[in-house]
There are 2 protein chains.
Amino acid sequence: MIDPRVASGLRDLLPAVMIPRERMLQTFRETFASFGFVPIETPHIERMEVLTGKGAGSDEVLRQIFEVTNKGGTPGELALRFDLTVPLARFIARHMDEVGVPFKRYAIGSVFRGERPAKGRFREFTQCDFDTIGTDSRLADAETAQIIHAALAAADVPPFTVTLNNRKILDGALESLDLSGRTGLVLRSLDKLAKIGREAVAAEMQRPADAGGAGLSAEQAARVLDFAEAGRGGVSVLDAAEASLGSNPKAAQGIADLRTVFQYLEAGGVPAERLAVDLGLARGLDYYTGIVFETTVDGWERFGSVASGGRYDDLASLYTSRRLPGVGASIGLDRLLALLDEAKALKAAGTMAPVLIANFPGTDPTVPVRLAARLRKVGIGCEIYPEPIQVGKQMGYGSKHGHKLAVIVGPDEVAAEVFNLRSLETRHEDKGLAWSVLEDSVHGALEVLQNGSLPS
Amino acid sequence: MIDPRVASGLRDLLPAVMIPRERMLQTFRETFASFGFVPIETPHIERMEVLTGKGAGSDEVLRQIFEVTNKGGTPGELALRFDLTVPLARFIARHMDEVGVPFKRYAIGSVFRGERPAKGRFREFTQCDFDTIGTDSRLADAETAQIIHAALAAADVPPFTVTLNNRKILDGALESLDLSGRTGLVLRSLDKLAKIGREAVAAEMQRPADAGGAGLSAEQAARVLDFAEAGRGGVSVLDAAEASLGSNPKAAQGIADLRTVFQYLEAGGVPAERLAVDLGLARGLDYYTGIVFETTVDGWERFGSVASGGRYDDLASLYTSRRLPGVGASIGLDRLLALLDEAKALKAAGTMAPVLIANFPGTDPTVPVRLAARLRKVGIGCEIYPEPIQVGKQMGYGSKHGHKLAVIVGPDEVAAEVFNLRSLETRHEDKGLAWSVLEDSVHGALEVLQNGSLPS
């Protein structure tokens, strides 16, 4: 016997998890599409060179890469993708003439990282990315945040906050502190503020350059942190920033851009209480150059961001000489589902077919088959129990799997052309309903169950 | 610069391909769910041992396996799955107690085979599998064929034929020819009949055992082939088979089972003209033991089967001592889409958002953002062009991407609170429509375009 376990850090997804997951993915797809985004798919396997080109991935990500070899293939040539951004950059470099710019695409798929396995950390996980490529437009910036809001709201995620910043404001602030040359290092430290706290970040910022730190003085670190910590709140935070930083042209530009984005978000119907500004928000990645965002579920901030992204100046410089600015975000499906599960905000689900049709011992199985076909024809999913075992056991199967109603037709009911309709929740049973009113009866009973009241 | 190509045998899927593909997958998911099937997902990476256990895959498939290694991992331990059946077997052995039987699951995902790249053959392709596990029921057999029919019909596949056989009939026929010991070899040859023709199959059957053949006499080969070739047609073929083979208990059982399945299919509303019997149909795989099916699109038989499967006696014997019979099928999404593309039966698609809202130079962008939000609220997908370039160019973008209508609001229209609505197909433009009737106007215009007539 071979042990049927999966490899370390990998997992099987069971129906109870998969059903809400597929529902959520379909909601995301529909939301992306409703904004004119179109899907693309790239292979799970990429050429190693594409993935490991300078700057394609962080050193950490590259250490976690899964190499792929087939018999007769050359080792080191192929690898599994570790995100959907590098494949997007390669894709757009290759297919630019076919798809044209601006190009608004979404992509949903598995990515692979050989991380040390830990609770809630997997070596294969799903990313849901959408990007607008080939434009420097504020409308596209705002639309990205608007889509995060629309997708999560449509997926019934509990109240959440999309936090925005513009890297230009931070860059300007650092410039005014004479720290321009050290922006990347400072931002990388600052990005850990929520996670490790002010003191640890200050210490990291003061670490000398030869130890990988930014080499700030204690006072410089304090001023950066003061700036970041004062800059959290509603859009009014921008007024204070303008007062203190407005003379720095870079910061002024970032503030003006962010104001514009907030105007567009208001016009787009995103409620102000779902939005926040955080002038310290950096989003570690070096390549963000304008707006950045992240998203936390209110009260569940410890899970981290469930949807993040930002604007970049040049997406595909590794693969094409054409400059392609863009803006995009990624929804972390697995993290979001884990959060909703822990928050008990996921509806348990065992089946998507509400009706179980009994396979009554002694009843010709063509009868349930015929009734099932009629129900499906009017859009009511239903399942026939495959074997004519004891009906009570079939009902147990239905309850376990989440069927709402059972249609039961024994030999007596066949003779009278009637059926019994049992609620698997309340155990109430309507007996002797005519076959001719099957669809209406089942439809009505489902409505009652859904609304908790009699249909009017 | 790094060359942005993909590795040999792999491919990017562009929006024009992805849009019908996603639509089709969603149709399949809904169909599977309407029969009570639930989704599962297993990792793309499996332990090598699971994939290469005796009988898990054919020698050919095992030669094509992609090995996976991460830094610090042990070479030879992990590999990419080559189908969804082996992972299902492992899954059910591992999770039997949680999911219970009968278990009706579907799974959709990429599988990987290092085949020699050729036109239409890819090293990564998508399978759409559904199986009913843990029952020997004829209802489940019939339901599998019924779902193939329902899924393809719902996906608007042109007229197709689901061909059925029962391996017991073939086994009985070979038994009556004294060829029981050589069933596997004979069936493997027979399975090539449609592809390589009668003479080549006869020659292969006569090849001696030490050359990998079945070692039949010329007369035996002729009788097998006569049987197979006479056995193609409607369900009446079973009458002739009964007359000639009815005295063989195995064949008699197979014939009776197949008759029952046809009764259930009729009761389930599958039109008789979509069904056929082919007593020579073997489906190469050794593990099929009962019903087998394959599906061809009428007139496009040269593409081979687009949906195939059958009943097996014991799915997971490599991983559990519990006997798990079942029946299932796999829809070959890539082959089906390639066929539909060549048959010009795929609707070209560039976007799923029918409306483009112009970003008119000089118009405050909050105006199009507001109008777009209103349209999305009533379920009309729309896209705003991200930059205020010349409107003619924006219209060109809309035409290229398949938008149907453009909403145009210049500064004059803003002042009058009106908009112009242009058909990107006919170039007809309705001018000066009031903002207050935006939703109704766009909805009405889309209906006209869809129906080719004025709405009543």
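Q: Which strand of chain B is joined to S3(A) by five bridges, and in which direction do the two run?
A: In this predicted model, S3(A) covers residues 66-70, and one of its pairings crosses to the other chain, where five bridges tie S3(A) to a strand of chain B. Within this pairing A:Phe66 stands opposite B:Asn70. The partner, which runs antiparallel to S3(A), is strand S3 (residues 66-70) of chain B.

Q: How many of the five residues of strand S3 of chain A are buried?
A: A residue counts as buried when 20 or more other C-beta atoms lie within 10 Å of its own. Strand S3 (residues 66-70) of chain A is largely enclosed by the rest of the structure, because the number of its five residues that are buried is four.

Q: By what rotation is chain B superposed on chain A?
A: The superposition of chain B on chain A leaves an RMSD of 0.0 Å and involves 0.0 Å of shift along the axis, with a rotation of 180°. The two copies are therefore related as by a two-fold rotation axis.

Q: Which residue of chain B comes closest to the rotation axis?
A: Strand S3 of chain B, which spans residues 66-70, is joined to S3(A) by five bridges. Among the residues of chain B, the closest approach to the rotation axis is 2.3 Å, taken at the C-alpha atom, and the residue that makes it is B:Val68.

Q: Which helix of chain B gives the most residues to the side that touches chain A?
A: The contact draws 87 residues from chain B and 87 residues from chain A. By class, the side belonging to chain B comprises 42 nonpolar, 25 polar and 20 charged residues. The copies meet through the same surface, because 100% of the interface residues of chain B are interface residues in chain A as well. On the side of chain B, the element that gives the most, with eight residues, is helix H1 (residues 15-34).

Q: Why do the buried residues of H7(A) line one face of the helix?
A: Helix H7 of chain A covers residues 183-190, and its buried residues are A:Val186, A:Leu187, A:Ser189 and A:Leu190. What covers these buried residues includes helices H6, H8, H9 and H10 of chain A. The buried residues of H7(A) line one face because, seen down the helix axis, they fall within an arc of 160°.

Q: About what omega does the cis peptide bond between A:Val101 and A:Pro102 have?
A: Most peptide bonds are trans. In chain B, a cis bond joins B:Val101 and B:Pro102 with omega about 0°, and B:Pro102 is found in the loop between helix H4 and strand S5 of chain B. In chain A, A:Pro102 sits in the loop between helix H4 (85-99) and strand S5 (103-112), and the cis bond that joins A:Val101 to A:Pro102 has an omega of about -5°.

Q: Is A:Asp178 buried or exposed?
A: Most residues other than glycine have a negative phi. A:Asp156, in the loop between helix H5 and strand S7 of chain A, has a positive phi near 60°, and with 14 C-beta neighbours inside 10 Å it counts as partly exposed. A:Asp178 likewise has a positive phi near 60° and lies in the loop between H6 and H7 of chain A. With 9 other C-beta atoms within 10 Å, A:Asp178 is exposed.

Q: Which residues have the most contacts inside the largest nonpolar core?
A: The largest nonpolar core has 265 residues. Setting aside residues up to four places away in sequence, B:Val407 touches B:Val355, B:Ile357, B:Ala358, B:Leu371, B:Phe419 and B:Leu421. The residues with the most contacts inside the core are A:Ile92, A:Val407, B:Ile92 and B:Val407.

Q: How far apart in space are B:Pro158 and B:Leu340?
A: B:Pro158 lies in the loop between helix H5 (138-154) and strand S7 (160-166) of chain B, and with 13 other C-beta atoms within 10 Å it is partly exposed. Apart from its neighbours within four places in sequence, B:Pro158 is in contact with B:Val297, B:Ala343 and B:Ala345. B:Pro158 and B:Leu340 are 182 residues apart in sequence, while from C-alpha to C-alpha their separation in space is 8.4 Å.

Conventions: Residues are numbered from 1 along each chain as its sequence is written. Chains are lettered from A and ligands numbered from 1 in the order in which they are written. This is a predicted model: local features need pLDDT of at least 70, side-chain atom pairs count only at pLDDT 80 or more; totals for chains, interfaces and linings use all residues. A residue is buried if 20 or more other C-beta atoms lie within 10 Å of its own, exposed if 12 or fewer, and partly exposed in between; C-beta atoms are placed from the backbone. Two strands pair if DSSP finds at least two bridges between them. The arc is that of the directions from the helix axis to the C-beta atoms. Two residues are in contact if their C-beta atoms, placed from the backbone, lie within 7 Å. Copies are superposed by least squares on the C-alpha atoms of residues with pLDDT of at least 70 in both. A nonpolar core is a set of buried Ala, Val, Leu, Ile, Met, Phe, Trp, Tyr and Cys residues joined through C-beta atoms within 7 Å. Ala, Val, Leu, Ile, Met, Phe, Trp, Tyr, Cys and Pro count as nonpolar, Asp, Glu, Lys and Arg as charged, and the others, Gly among them, as polar.
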